[in-house]
Amino acid sequence: YGRAEDTPRTDEARQQFCSYVAHMITVNPQIKDVVIWNDPNDQAFWAPQYNADGSSAAPADYEALLATCWDAAHAVNPNVNIISTFVSKASSIPGGFTVGYHPPATWVSKLAAAYKASGRTKPIFDTYGYIPKALGSSLK
């Protein structure tokens, strides 16, 4: 992943990012699993989450990135495992910080709608990823 302001939202940027992924798989055949971005539902990691009119932007942009990377990665290694959607959940910690955000269930629904709207019949990922986040650091 990268900085939120560097998210690959254009065809050219997606091609560049996914070409890098394919290159890394080619020159490092020990790579079997590749996570495409991290927390794409959180503006701290993917921007923008929403268009100026308030409609969602990130799910369709991320779907396009997944499709491009799945194709590029599977072209060089049909057995590579493309992992998607390590999503953030809103902080339940008082004062917790979350900027522009899609809740996980909303995110999955909108990502699925973007996939359906794309008309694509090939997969866009092989494994769905999730990062469980603790409510705090204490081990009570």
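**Entry 1: L65**

I started with L65, which counts as buried because its relative accessibility is 0% (buried is under 20% relative accessible area, exposed over 50%, partly exposed in between, with a 1.4 Å probe and protein chains only). This is a predicted model, where local features need pLDDT of at least 70, side-chain atom pairs count only at pLDDT 80 or more, and totals for chains, interfaces and linings use all residues. Residues are numbered from 1 along each chain as its sequence is written, and side-chain values use heavy atoms, leaving out hydrogens and water.

I found L65 in helix α2 (helices are DSSP runs of H or I with at least four residues, strands are E runs of at least two, both numbered from the N terminus). I then listed its contacts, meaning heavy atoms within 4.5 Å. Leaving aside neighbours within four places in sequence, L65 touches P8, R14, F17, C18, I36, W37 and W46. P8 lies 57 residues away from L65 along the chain, yet their C-alpha atoms are separated by 7.2 Å.

**Entry 2: α1 against α2**

Next I looked at helix α1 (residues 11–27) and helix α2 (residues 58–76), whose axes come within 8 Å and cross at roughly 35 degrees. Axes here are lines fitted to C-alpha atoms, for helices over the stretch in contact, and angles run from 0 to 180 degrees between N-to-C directions.

On the α1 side I noted R14, Q15, F17, C18, V21, A22, I25 and T26, which meet D61, A64, L65, T68, C69, A72, A73 and V76 of α2. By class, this contact of α1 with α2 has 11 nonpolar, 3 polar and 2 charged residues (Ala, Val, Leu, Ile, Met, Phe, Trp, Tyr, Cys and Pro are nonpolar, Asp, Glu, Lys and Arg charged, the others, Gly among them, polar).

**Entry 3: α2 against α3**

I moved on to helix α3 (residues 104–118), which packs with α2 at an angle of about 60 degrees, the axes being 8 Å apart. That makes α2 oblique to α3 (under 35 degrees is roughly parallel, over 145 roughly antiparallel, 65 to 115 roughly perpendicular, the rest oblique). The crossing of α2 and α3 is right-handed. A58, P59, A60, Y62, E63 and L66 of α2 meet W107, K110, L111, A114, Y115 and S118 of α3. I sorted the α2 and α3 contact into 9 nonpolar, 1 polar and 2 charged residues.

**Entry 4: the chain**

I finished with the chain, which has 3 helices and 3 strands, in the order α-β-α-β-α-β from the N terminus. Buried residues make up 37% of its 140 residues.

Conventions:
Left-handed = near helix turned anticlockwise from the far one by under 90°.
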